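This briefing sets out selected computed features of one protein chain. The sequence and structure are displayed first, and the discussion follows by topic.

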Amino acid sequence: MSEPRWLSEDEQRVWRAFSVAVTMLRGHVDSQLQRDAGMPHTYYEVLVVLSEAPGRTLRMSELAEKCHSSRSRLSHAVARLEANGWVRRDSCGTDKRGSFATLTDRGFAALEAAAPGHVEAVREALFDALTPDQVRALGEISEAIRDQLTPQCAKAMAAVDEHLDQLA
């Protein structure tokens, strides 16, 4: 077994600062959405993705992919959104296992009502603290991390979905 590639002092400092910043940012945004719109960030993200889809409809598997979520986790979120009347789920006529999620007019109205406060919370917590050069650098850094992790995360989510399918 090879020796672990330990983090240098600088890498450790950056990692810890990054980890805390991401945790605090997620907490700030989530609490704002809960307080002002009565929804967690996960639900908001589902509504946004559906609002940007043609006809405000996506196949559940595609919605899970776009939300970087397992199908099981997404299914629970969509069930709650259905209960609120914000999303409608319809069976796929050609694939009995498939279904579609559609953002309802009521869901679109909830998204429109939540968006201004959400955008302000993101602006205050993230962008107001950065210079334009830092925003550009953060974008490049975030894209590099996303691109590095996307294949690994997709494999992990597929494995979770496969395991859950076997249990069903």
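Beyond its neighbours within four places in sequence, R56 is in contact (heavy atoms within 4.5 Å) with L50, S51, A101, T102, L103, T104, D105 and F108. The model is predicted, so local features need pLDDT of at least 70 and side-chain atom pairs count only at pLDDT 80 or more, while totals for chains, interfaces and linings use all residues. Residues are numbered from 1 along each chain as its sequence is written, and side-chain values use heavy atoms, with hydrogens and water left out.

- R56 is found in the loop between α2 and β1 (57-59); helices (H or I, at least four residues) and strands (E, at least two) are DSSP runs, numbered from the N terminus.
- R56 has a relative accessible area of 21% and is therefore partly exposed; buried means under 20% relative accessible area, exposed over 50%, and partly exposed in between (1.4 Å probe, protein chains only).
- Phi of R56 is near 55°, a positive value in a residue other than glycine.
- Most residues other than glycine have a negative phi.
- The C-alpha atoms of R56 and D128 are separated by 32 Å, and the two residues are 72 apart along the chain.
- T104, one of the contacts of R56, is placed in the loop between β3 (99-103) and α5.
- T104 is buried because its relative accessible area is 16%.
- Leaving aside neighbours within four places in sequence, T104 is in contact with R56, G85, W86, V87 and R88.

**Overall architecture**

- The secondary structure of the chain comes to 6 helices and 3 strands.
- Along the sequence, these elements follow the pattern α-α-β-α-α-β-β-α-α.
- Taken along the principal axes, the C-alpha atoms of the chain fill a box of roughly 55 × 45 × 25 Å.
- Of the 168 residues in the chain, 23% are buried.
- Among contacts between residues at least 6 apart in sequence, 52% join residues at least 24 apart.

**Packing of α2 against α5**

- Two packed helices are described by the angle between their axes and the distance between the axes.
- For α2 and α5, the angle is about 115° and the axes are 10 Å apart; axes are lines fitted to C-alpha atoms, for helices over the stretch in contact, and angles run from 0 to 180 degrees between N-to-C directions.
- α2 passes α5 in a left-handed crossing, a term that applies if the near helix is turned anticlockwise from the far one by less than a right angle, with right-handed used if clockwise.
- On the α2 side, H41, Y44, L47, V48 and S51 meet G107, F108, L111, A114, A115 and H118 of α5.
- The residues of this contact divide into 7 nonpolar, 4 polar and no charged; Ala, Val, Leu, Ile, Met, Phe, Trp, Tyr, Cys and Pro count as nonpolar, Asp, Glu, Lys and Arg as charged, and the others, Gly among them, as polar.

**The largest pocket**

- The largest pocket has a volume of about 2300 Å³.
- On a 1 Å grid over the protein atoms alone, a pocket is an open set of points where a 1.4 Å probe fits, with protein on both sides within 12 Å along at least five of seven lines; lining residues have an atom within 4 Å of a point.
- Grid points are joined across faces, edges and corners, and the volume is the space filled by probe spheres set on the points.
- At least two lining residues come from each of α1 (9-37), α2 (41-51), α3 (60-66), α4 (71-83), α5 (105-125) and α6 (132-167).
- α6 gives the most to the lining, with 16 residues.
- The lining divides into 31 nonpolar, 10 polar and 9 charged residues.
- H68 lies in the loop between α3 and α4, and its phi is near 55°, a positive value in a residue other than glycine.
- H68 counts as exposed because its relative accessibility is 55%.

**Other residues**

- Q32, in helix α1, is buried, with a relative accessible area of 4%.
- Not counting residues up to four places away in sequence, Q32 touches A37, G117, H118 and A121.
- F127 is found in the loop between α5 and α6 and is partly exposed, with a relative accessible area of 33%.
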